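Work through the following exercises with the model open. Each task is followed by a stepwise solution.

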Amino acid sequence: MEMPTWDGPEKIGTKVRIALWLVSVVGVGNVFTKAQLREAFPGVAQADRRMRDLRDNGWQIDTKREDPRLGPNEQRFVAAGEEVWVRGRATSNGSRSVNAALRRRIMADDAYMCAACGISAGEKYEHSIETAQLDIARRTVVKPDGVEEVQLVTECRRCRIGAREQKADLCGLLQAVSSLTDRERTELLSWITAGKRRPSATDMIWGKYRSLPPDSRTQVEKILHSRNLT
Ligand SMILES: [Zn+2]
């Protein structure tokens with residue numbers, strides 16, 4: 001199939017248009033800014049998020065977090081993933097197996113923690129001797145624009161099994177929501193909007209700390225102790 005043009009008249013979704021823009025305008029390995037993306041897609045709500053969605057299709061787009069050489073408004077188009085302009089590719093990652101690179105990226109994005117309960121790999125569950133094993137799960141998420149999408153998230157085995165067996169208790173959940181502080185509610189709302197839990201800065205450090213070898217962990221602990229004392 002021939003590649004459609006990014007700004008052509010075809011009826012194609014924003015995510016696909018952005019993919020085409022990255023390939024034909026930005027080019028692999030090059031840096032672009034948020035302003036350039038907005039300029040290319042004027043009036044498109046959340047173009048930035050549609051672009052991030054490409055990562056679910058194996059596209060590598062680095063931010064300052066992955067590449068410290070980048071400025072806060074810069075991103076680098078490192079590598080193209082699946083050809084999302086081919087019919088059905090943009091949304092169907094349901095039947096595709098998750099390759100090792102994609103798996104690593106998803107786990108790193110989730111700070112090596114279960115996206116549902118926050119446990120990290122090898123950590124013991126509360127009141128249990130069982131340790132957590134993380135895996136990649138597929139979750140169907142309804143986006144704000146009503147489009148259903150299968151997202152890949154890091155999930156522990158217990159949550160994955162639990163998610164299949166448990167019945168949703170909406171009433172209890174709403175009660176729990178009403179007891180949240182304003183700050184917690186704002187945070188929860190941002191997760192709902194994003195379709196995934198965003199780990200806090202401390203969470204991110206915890207997840208990465210857990211993946212360190214023992215001597216490096218000791219070093220982190222020592223530094224924390226000394227900082228707390230001074
Ligand atoms: Zn879990």
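This is a predicted model: local features need pLDDT of at least 70, side-chain atom pairs count only at pLDDT 80 or more; totals for chains, interfaces and linings use all residues.

**Exercise 1.** Identify the atoms that coordinate the zinc ion and assign the geometry of the site.

Solution. Next, take the angles among the 4 donor atoms: they run from 105 to 118 degrees. Four donors count as tetrahedral if all angles lie between 85 and 135 degrees, so the site of the zinc ion is tetrahedral. For reference, the ideal angle for four tetrahedral donors is 109.5 degrees. Finally, read the spacing of the donor residues along the sequence: C-x2-C-x38-C-x2-C.

**Exercise 2.** Decide whether C114, C117 and C156 are buried, partly exposed or exposed.

Solution. The cut-offs are under 20% relative accessible area for buried and over 50% for exposed. C114 has 0% relative accessibility and is therefore buried. C156, also with a relative accessible area of 0%, is buried. C117 has 44%, so it is partly exposed.

**Exercise 3.** Count the disulfides in the structure.

Solution. A disulfide requires a pair of cysteine sulfur atoms within 2.5 Å. The count for the structure is 0.

**Exercise 4.** Describe the protein chain around the site by its elements, burial and contacts.

Solution. Start with the elements: there are 9 helices and 5 strands, in the order α-β-α-α-β-β-α-β-β-α-α-α-α-α from the N terminus. Then burial: 34% of the 230 residues count as buried. Last, among contacts with a separation of 6 or more, 54% join residues 24 or more positions apart.

Notes. Residues are numbered from 1 along each chain as its sequence is written. Side-chain values use heavy atoms; hydrogens and water are left out. Buried means under 20% relative accessible area, exposed over 50%, partly exposed in between (1.4 Å probe, protein chains only). Helices (H or I, at least four residues) and strands (E, at least two) are DSSP runs, numbered from the N terminus. Contact means heavy atoms within 4.5 Å. Donors are N, O and S atoms within 2.8 Å of the metal (3.2 Å for Na, K and Ca); water is not among the atoms, so sites may look incomplete. Four donors count as tetrahedral if all angles lie between 85 and 135 degrees; four count as square planar and six as octahedral if opposite donors are over 155 degrees apart and all others between 65 and 115; anything else is irregular.
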